[in-house]
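User: Could you walk me through how to read this fold? I'd like the general idea each time, then the case at hand.

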Amino acid sequence: MTNSPASAGTTATSARRRSTPRLVLAALLGGILPLLASLLMLSPSPAAAASLTEVTGFGNNPSNLRMYQYVPNNVAARPAILVAVHYCTGSGPAFFSGTEFASLADRYGFIVIYPSATRSGACFDVSSPQALRHDGGSDPVGIVSMVRYVLQHNNADPSRVYVTGASSGAMMTNVLLGDYPDVFKAGAAFSGVPFGCFATTDGSGWNTACANGTITKTAQQWGDLARGAYPGYTGARPRMQLWHGTADTTLRYPNFGEEIKQWTNVLGASQTPASTDSPQTNWTRTRYGATGDRAPVEAISIQGAGHSLPLAGMAARAITFFGLDSQS
């Protein structure tokens, strides 16, 4: 059967009607796609994430520590410095990848220094007579050399230098605040012991009595130990934030109370809390000398936690205590 002229015309008209939207769509796409392509070419590609870099030749380094630094892409014009000190068997790169301090640096623009111990066992020296004295030698001298290097090379703010650490690094936090109150503005120690508690004279890096929480002193005695690290120093003392799990079997929980005694005494604060609260389940926070986020001493006890701090969210609390959650 053949179409009549009328039906053929109708068919042609219908075909043209059907093709018209297709032609319009093709024309639109023909104009839009090149425009999109040109916009994509003009749009900047996402910035590559900053990376951890090793620094060598950073200054006096009697115990051959290694230095790693993290400078975020959005580093502040006058950045603060945070020293983040690893646990025994750890390393600077491991503490970088296993904690939240670098991501917080990305957010707030401060620089993080990650020291790395190189001796067997990768613990920091918090026990030798050299380590427990201002400019006495060993690891504290090397770590302060790292700080001075960053101050010199990164236009960093010497009035905003802080230190934090876990386990051996927490003990080093206590040591650095005693040895260098002129360098550090505040510290946050996750599962540590008081300054001087781990002291030994036999060359050993381990003090069992301290680790087991059996060394107790009065607040005045602990305070005198910390003050004695830098005889003659009369300037301001750094604030301290303390964290400990009640089920810690490596550096036992009584050390937490001894640290509180020490730093309340050093900072002239009452041992009676100015406030007590529970910011999260199983956390008990006490503040001494004031009630705000930047109290002279803040202590957080974690019910049931072992030797596993910092846990998620704790680094951010330390950053708030330091006042680093802003770029000013």
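Analyst: Let's start with burial: of the 328 residues in the protein, 47% are buried, where buried means under 20% relative accessible area, exposed over 50% and partly exposed in between (1.4 Å probe, protein chains only). Keep in mind that this is a predicted model, where local features need pLDDT of at least 70, side-chain atom pairs count only at pLDDT 80 or more, and totals for chains, interfaces and linings use all residues. Residues are numbered from 1 along each chain as its sequence is written, and side-chain values use heavy atoms, with hydrogens and water left out.

User: How many helices and strands does the protein have?

Analyst: There are nine helices and 10 strands. Helices (H or I, at least four residues) and strands (E, at least two) are DSSP runs, numbered from the N terminus.

User: How do I read the sheet, and in what order do the strands come?

Analyst: Strands of a sheet pair through backbone hydrogen bonds, either parallel or antiparallel. Two strands count as paired if DSSP finds at least two bridges between them. Here 10 strands make an open sheet with mixed pairing, in the order E1-E2-E4-E3-E5-E6-E7-E10-E9-E8. Strands E1 (52–55) and E8 (275–277) are the edges, each pairing on one side only. From one strand to the next, the twist averages 15°. Angles run from 0 to 180 degrees between N-to-C directions, and axes are lines fitted to C-alpha atoms, for helices over the stretch in contact.

User: What packs on the sheet?

Analyst: Helix H4 (residues 138–153) does, touching E1, E2 (66–70), E3, E4 and E5, and its direction makes about 150° with that of E4. Contact means heavy atoms within 4.5 Å.

User: Let's zoom in on E3. Which strands does E3 pair with, and in what sense?

Analyst: E3 pairs in the parallel sense with E4 (residues 111–116) over three bridges, and also in the parallel sense with E5 (residues 161–166) over five bridges. For landmarks, Leu-82 has Val-112 as its bridge partner in E4, while Ala-84 has Thr-164 in E5.

User: Is E3 (residues 81–85) mostly covered or mostly open?

Analyst: Mostly covered: five of its five residues are buried. Ile-81, Val-83 and Val-85 point one way and Leu-82 and Ala-84 the other way, and all are buried.

User: Now the rings. How should I describe an aromatic pair?

Analyst: A pair of aromatic rings is described by the distance of the centres and the angle of the planes. Rings of Phe, Tyr and Trp (its six-membered ring) pair if their centres lie within 6.5 Å; planes under 30 degrees apart are stacked, over 60 edge-to-face and the rest tilted. The whole structure holds 11 such pairs. Tyr-87 and Phe-95 form an edge-to-face one, 6.1 Å centre to centre with 70° between the planes. Tyr-87 is partly exposed at 31% relative accessible area, whereas Phe-95 is buried at 3%. Ring pairs also link Tyr-70, Phe-96 and Tyr-114 into a cluster.

User: Which charged residue sits over the ring of Phe-321?

Analyst: Arg-239, with its charged end 4.3 Å from the ring centre. The test is NZ of Lys or CZ of Arg within 6 Å of the ring centre and within 35 degrees of the ring normal. Lys-217 also lies over the face of Trp-222, at 5.6 Å from the ring centre.
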